[in-house]
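Subject: Structure handover and findings

Dear colleague,

Please find below the structure I promised to pass on to you. My notes on what was found in it follow directly after.

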Amino acid sequence: MPGKIMAINAGSSSLKFQLFSLPDEHVICQGLIERIGMDDAIFNLRATDVKWREILPIADCRQGAEHLLHALIEHNIIDSLDEITGVGHRVAHGGEAFADSVVITPEVLDKIEQLGALAPLHNPVNALGIRVFQHALPHARAVAVFDTAFHQTLSQTAYLYPLPWRYYEELGIRRYGFHGTSHKYVSAVCAERMGRPLEALRIVSCHLGNGSSICAIGNGQSVNTSMGFTPQAGIMMGTRSGDIDPSILPFIQQAEGKSASEINHLINNQSGLLGVSGISHDYRDVEQAAANGNPRAKVALELFAERIRAVIGSYIVQLGGIDALIFTGGIGENARTARQQICRGLAFLGIELDEEKNISNQSFIQHDSAPVQIAIVNTNEELMIARDVIRVALNLPVQPALAAQ
């Protein structure tokens, strides 16, 4: 079936999109609407013959979607909205209800909204985006692609917290994990590049960006992952603390008279690289400050690497060894210093970085004699979303993982 697939990632103040053609999976256009809800919202659209940037008032997600679809016609990217046969929506939380992407029905949409209790900053906005595009494109098949779905293969011992059982049974408190679409994509790409079946590999995938998570992948499935009940858990991130002694929180709350929401803001928005360095949440800024001799920036980089190294080591134990270590995400794909610091001293585990390959950002950066492959893979969550629309809603075969590389 010829047609076009749109991948949508709707946030509270942004809307990211890509439009793909079928069956070649060519990116027709992509873009981002930022500062939704403001009088100076920014609309960026990029295609082969179009590079458009516009500043205008956009009141809400509905207006942003309408402006986007109008722009596709106005800039002759498509002739008619009827050309869009499918829309894939990134949804943050699928809970235990969704272990795979699904065609969106009224019942599915109701469940996504109910799961807003577990992801109050994300799922309600995701649900709104779904409703907006369903209204604008009623003929297109809509599919929900969940960040949590890939991690539904975790065992009970991996996803349960040692709390009273009723908190899991009644409130759904457990490890859910996130970035699943990214981890699934990059592991498939890595296996294909290695020329080996994904099911035969033991992989540790490091998605490192402003939000970061690590995933242990065995037999092609998620075995463990560092994010937990929320994306706050796990390793140190741009503004998130990651795992800390939980008793620190009531201690600070009592010492400084903070509310629960203020404490939550502290560990989610004021910690991590920003909190330790005092410079920025952006790894590049902290790296520059460290190079200029800032001692706190240097400590922040070292702490970031050490937290990641500790998780990698524990996941190698869980997997019973490792065949490939993957770096992806904005930091993983671009920060040579981060990769060097993370891999330092891991030769005894078979992880040995080649400095020249690392500096030149090659696809594989391990030493020639090292038994473990170290891969840099550019993640492409939007392509995975589009492929799931093809697979789930249109029942068409998808291209190999390397098609977009």
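At what angle do the axes of α11 and α13 cross, and within what distance do they come? They cross at roughly 50° and come within 8 Å of each other. Before the rest, two notes on how to read this: the model is predicted, so that local features need pLDDT of at least 70 and side-chain atom pairs count only at pLDDT 80 or more, while totals for chains, interfaces and linings use all residues. Residues are numbered from 1 along each chain as its sequence is written, and side-chain values use heavy atoms, with hydrogens and water left out.

**Helix packing**

Helices (H or I, at least four residues) and strands (E, at least two) are DSSP runs, numbered from the N terminus. Axes are lines fitted to C-alpha atoms, for helices over the stretch in contact, and angles run from 0 to 180 degrees between N-to-C directions. Angles under 35 degrees count as roughly parallel, over 145 as roughly antiparallel, 65 to 115 as roughly perpendicular, and the rest as oblique.

By that scale, α11 and α13 are therefore oblique to each other, and their crossing is right-handed (a crossing is right-handed if the near helix is turned clockwise from the far one by less than a right angle, and left-handed if anticlockwise). On the α11 side the residues that meet α13 are L301, E302, A305, I308, R309 and I312, and they face Q341, I342 and C343 in α13, where contact means heavy atoms within 4.5 Å. The residues of this contact divide into six nonpolar, one polar and two charged; here Ala, Val, Leu, Ile, Met, Phe, Trp, Tyr, Cys and Pro count as nonpolar, Asp, Glu, Lys and Arg as charged, and the others, Gly among them, as polar.

Helix α11 (residues 295-319) also packs against helix α10 (residues 283-291), at an angle of about 125° and with the axes 7 Å apart. That angle makes α10 oblique to α11, and α10 passes α11 in a left-handed crossing. The contact involves Y283, V286, E287, A289 and A290 of α10, together with A297, K298, A300, L301 and F304 of α11, and by class it holds eight nonpolar, no polar and two charged residues.

A further pair is formed by helix α2 (residues 106-114) and helix α3 (residues 123-136), which pack at about 155° with their axes 8 Å apart. The two are therefore roughly antiparallel to each other. From α2 the contact takes L109, D110, I112 and E113, and from α3 it takes N123, A127, I130, R131 and Q134, which gives four nonpolar, two polar and three charged residues.

**The two sheets**

Strands of a sheet pair through backbone hydrogen bonds, either parallel or antiparallel; two strands are taken to pair if DSSP finds at least two bridges between them.

Strand β4 (residues 41-47) runs antiparallel to β5 and is joined to it by six bridges, with N44 opposite R53 in β5 and a hairpin of three residues joining the two strands. Strand β6 (residues 84-91) pairs with strand β8 (residues 141-146) in the parallel sense, also over six bridges, and here V91 stands opposite F146.

The other open sheet has five strands in the order β11-β10-β9-β12-β13, again with mixed pairing. Its edge strands are β11 (221-225) and β13 (373-376), and the twist averages 25° from one strand to the next. Strand β12 (residues 324-328) and β13 run parallel and are joined by four bridges, with I326 opposite A375 in β13. Helix α13 (residues 336-343) packs on this sheet, touching β12 and β13, and its direction makes about 150° with that of β12.

**Salt bridges**

A search of the whole structure finds 16 salt bridges, each being a side-chain nitrogen of Lys or Arg within 4 Å of a carboxyl oxygen of Asp or Glu. One of them joins K16 and E382 at 3.4 Å, N to O, and this pair links distant parts of the chain, with K16 in strand β2 (residues 15-22) and E382 in helix α15 (residues 381-393), 366 residues apart.
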